[in-house]
Amino acid sequence: PVDVPVDPERGAAVKAADRAHVFHSWSAQAVIDPLAVAGARGSYFWDYEGNRYLDFSSQLVNTNIGHQHPKVVAAIQEQAGKLATFAPAFAIDVRSEAARLIAELTPGDLNKIFFTNGGAEAVENAVRMARLHTGRHKVLSTYRSYHGATAAAINLTGDPRRWASDTGSAGVVHFWGPFLYRSQFHASTEAEECERALRHLEELIAFEGPQTIAAIILETVPGTAGIMVPPPGYLAGVREICDRYGIVFILDEVMAGFGRTGKWFAADHWGVTPDLMTFAKGVNSGYVPLGGVAISERIAETFAHRPYPGGLTYSGHPLACASAIATISAMRDERIVENAAEIGERVLGPGLRELAARHECVGEVRGMGVFWALELVRDRSTREPLVPYNASGADAAPMARFAAACRQGGLWPFVNMNRTHVVPPCNVSEAEAKEGLAVLDAALSVVDGG
Ligand code: PLP
């Protein structure tokens, strides 16, 4: 039993005030129709009409331990009673403990934690650290990536959201990462794709001038752009290239980190340690804004006697740090990372592949843990996407119909271009995962039926 009010009148009032005064991100204000949400618990949330939705989006792929986890809520309440806010320059218990725990979890010698208020700010600072450490200015990032919406982060992003904000991408050069299903390299095997993607990167570096390149930034497993699990050897290959040219290797684990792939960090699947690792989202399941950069000893040393020129008023906020400690402790106690791995291997992976076998509109299934994408196509043999790249309005209608069918069935999907991402909380139960697969099955039938 969950005490979420059924109160359509209140819902209408919330919606009216929202429409009057809230300016929404990434939206044309006049045409959006946001759902008024009355409450949430675990993997579900409710609207004011009493409709229940299974949250297969984990909001923005961040509620990794679901909604309203009692331990995390209690930790925030307790910290608010003790010390609600304090400036970053002071040593406070929850900040040092959160940093210690995160440093312990991150791979290799990423032993210093710079706290931020989210993912984009982490990317901004990682890039600044790399530039100051190397004395170089260029940063290489991939097409088919998302790194955030602030100045440097949006320029690094390799998807259409960059277009309107692109200032000429000062110092940013994009390259292609590996993605066999839509290979830029005419590869037909993962090994070929890996080898050619690495050669492409090497050639690009030769033409840009290695001595001008501060950093290469990659999402370990690109998330928003389509959950493309890299082929074996790719990340190790990039690591080797970075070492050879003295380039800082930044892995962006904002979405893939903290359990999403079935390990604490996606990099752990390939045993690769970057020089800088950005995180946010799952670090505290998004209960209070928090992100950060995990910094290697070598880069931290650059700033041992030289001030690091960055930081905001709320960096390492006590409420956020307290919620991170509680989240990490709940994830350990409840074996939530192990659950993500097991649900992926035993339920979501096989279940999604079975859907692909039965629905003509599914071109490919990819992913790991609780981090999956279904690529929907018009035609399996040509791989023509179900909707054109960056479609909107009538062009995007088939995906809108799919999303509406999911919501009708009580599932909140994550839909992006011609894909639906299957990204429930890391502590989703087997029964919930199966419930979600059944709704996806029915919604895919709507697409198959035209
Ligand atoms: N990096 C990655 C890989 C992301 O997926 C995101 C957000 O989706 C960001 C950075 C930006 O994070 P935030 O929205 O917290 O600024």
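Predicted model: local features only at pLDDT ≥ 70, side-chain atom pairs only at ≥ 80, totals over all residues.
Reader: Which domains does the assignment give?
Author: Domain 1 covers 8-65 + 335-448, and domain 2 covers 70-333.

Reader: How many Å separate their centres?
Author: Taken over C-alpha atoms, the centres of domain 1 and domain 2 are 25 Å apart.

Reader: And how many residues are in contact?
Author: 26 residues of domain 1 contact 25 residues of domain 2.

Reader: Which elements supply the side of domain 1 that touches domain 2?
Author: At least two residues each come from helix 2 (58-61), helix 11 (336-358), strand 11 (362-368), strand 12 (371-379) and strand 16 (419-422). Helix 11 gives the largest share, 5 residues.

Reader: What is that side like by class?
Author: On domain 1, the side touching domain 2 has 12 nonpolar, 10 polar and 4 charged residues.

Reader: In what sense do strand 3 and strand 14 pair?
Author: Parallel, over 2 bridges; strand 3 is residues 52-55. Asp55 stands opposite Trp412 in strand 14.

Reader: What about the open sheet of 7 strands?
Author: That one runs 4-10-9-8-7-5-6, again with mixed pairing. Strand 4 (110-116) and strand 6 (172-175) are its edge strands. On average, neighbouring strands are turned by 20 degrees against each other, direction ignored.

Reader: Where does Lys138 stand?
Author: Lys138 is opposite Ile213 in strand 7. Strand 5 (residues 138-142) pairs with strand 7 (residues 213-219) in the parallel sense, over 4 bridges.

Reader: Which strands does helix 5 lie across?
Author: Helix 5 (residues 119-134) lies across strands including strand 4, strand 5 and strand 10 (291-296). Helix 5 runs at about 25 degrees to strand 10.

Reader: Now helices. At what angle do helix 4 and helix 10 cross?
Author: Roughly 40 degrees, with the axes of helix 4 (residues 93-105) and helix 10 (residues 318-333) coming within 8 Å. That makes helix 4 oblique to helix 10.

Reader: Is the crossing left-handed or right-handed?
Author: Helix 4 passes helix 10 in a left-handed crossing.

Reader: Which residues meet there?
Author: Helix 4 brings Val94, Arg95, Glu97, Ala98 and Leu101. Helix 10 brings Pro318, Cys321, Ala322, Ala324, Ile325 and Ile328.

Reader: How many of each class?
Author: The contact of helix 4 with helix 10 has 9 nonpolar, no polar and 2 charged residues.

Note on methods. Residues numbered from 1 in each chain as written. Domains from an automatic or database assignment. Contact = placed C-beta atoms within 7 Å. Nonpolar A, V, L, I, M, F, W, Y, C, P; charged D, E, K, R; others polar. Pairing = 2+ DSSP bridges. Axes fitted to C-alpha atoms, helices over the stretch in contact; angles between N-to-C directions. Parallel < 35°, antiparallel > 145°, perpendicular 65-115°, else oblique. Left-handed = near helix turned anticlockwise from the far one by under 90°.
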